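Open the model in your viewer and keep the selection tool at hand. We will go stop by stop.

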Amino acid sequence: SRAGSIPVINAGDGRHCHPTQTMADLLTIYKEKGGFDNLIVGFCGDLKLGRTVHSLLAALSRYKNIKVVLISPKELKLPDYVKEDILEPNHMEYVETTSLEEAMPSLDVLYMTRIQRERFDDLAEYERLKDNYILTVDKLETAKKDMIIMHPLPRVNEISVKVDDDPRACYFKQCLNGKYMRMALILLLLDIAKKNPDKEDVFAGKGYIHSEHKCDNPKCVSAGEQELEPLYKKIDEEGRSDVNMVVSVKPNT
């Protein structure tokens, strides 16, 4: 963003968000369900580390009477900060369960996710959890006839390939919708860049500070970038800030 002369697209922020995938998800729901209000949406799998889930929940919070069913093992349940920052302030009704079979009959949308090997430092923990939820043809027998099945892809084994022939399977349509949405976004930003060729300091006047601080998390960008000077934004004791953070550091650290 500092060196480029065109806008930078956020293609995903670790485990926190994935904006362009959410645009593809919204287009898919809109095309298949005709709108967003009054839906029961089930999220199944890795809700703790899955950035697509967090982003889509934030987007759905803008609509009316959305009910969310959170289906996961207790080790991978939705983080409290997502509930506190997104679900509860927007009065989104939600329930948590470990049973996909129990949740299935009520769902209008089922959003499956993979258990992401790259998010685990402990291989044994990944192996223990990876097969917790596998969607099969048999499990769909109790689902609504017009329910749609979504998945951000790639799939590992959490959706049986036999489900691909079910008319409710929309994950390949979802992938195609993602291409169209990203094409539109790229064209829009290139047009903006053409009309505004001067570079802009995106951090100027937003309260960022320079620091030699290194985050204790070895996966943090401040630990991995060797030559770029890190920028920080102080946040309050609850971990919130009114701007997007490049890297954040709590006060007095």
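A crossover is right-handed if, with the strands pointing away from you, the path from the first strand over the helix to the second runs clockwise. Keep that rule for two of the stops below. Note also that this is a predicted model.

**Stop 1: a crossover.** Select strand 2, helix 3 (residues 80-87) and strand 3. Together they make a right-handed β-α-β unit. Turn the view until the strands point away from you, then trace the path: clockwise is right-handed.

**Stop 2: strands 2 and 3.** Pick Val68 and look across: Tyr94 in strand 3 stands opposite.

**Stop 3: strands 1 and 2.** Click Cys44; Ile71 in strand 2 is the residue opposite. How does the chain get from strand 1 to strand 2? It passes through helix 2 (residues 51-60), and this β-α-β crossover is right-handed.

**Stop 4: strand 2 itself.** Select residues 67-71. Is strand 2 largely enclosed or open? Four of its five residues are buried, so strand 2 is largely enclosed by the rest of the structure.

**Stop 5: Thr22.** Jump to helix 1 (residues 19-33) and find Thr22 there. Is Thr22 buried or exposed? Its relative accessible area is 7%. Buried means under 20%, so Thr22 counts as buried. Now display its contacts beyond four places in sequence: Thr52, Ser55, Leu56 and Ala59.

Methods
Residues are numbered from 1 along each chain as its sequence is written. This is a predicted model: local features need pLDDT of at least 70, side-chain atom pairs count only at pLDDT 80 or more; totals for chains, interfaces and linings use all residues. Side-chain values use heavy atoms; hydrogens and water are left out. Helices (H or I, at least four residues) and strands (E, at least two) are DSSP runs, numbered from the N terminus. Buried means under 20% relative accessible area, exposed over 50%, partly exposed in between (1.4 Å probe, protein chains only). Contact means heavy atoms within 4.5 Å. Two strands pair if DSSP finds at least two bridges between them.
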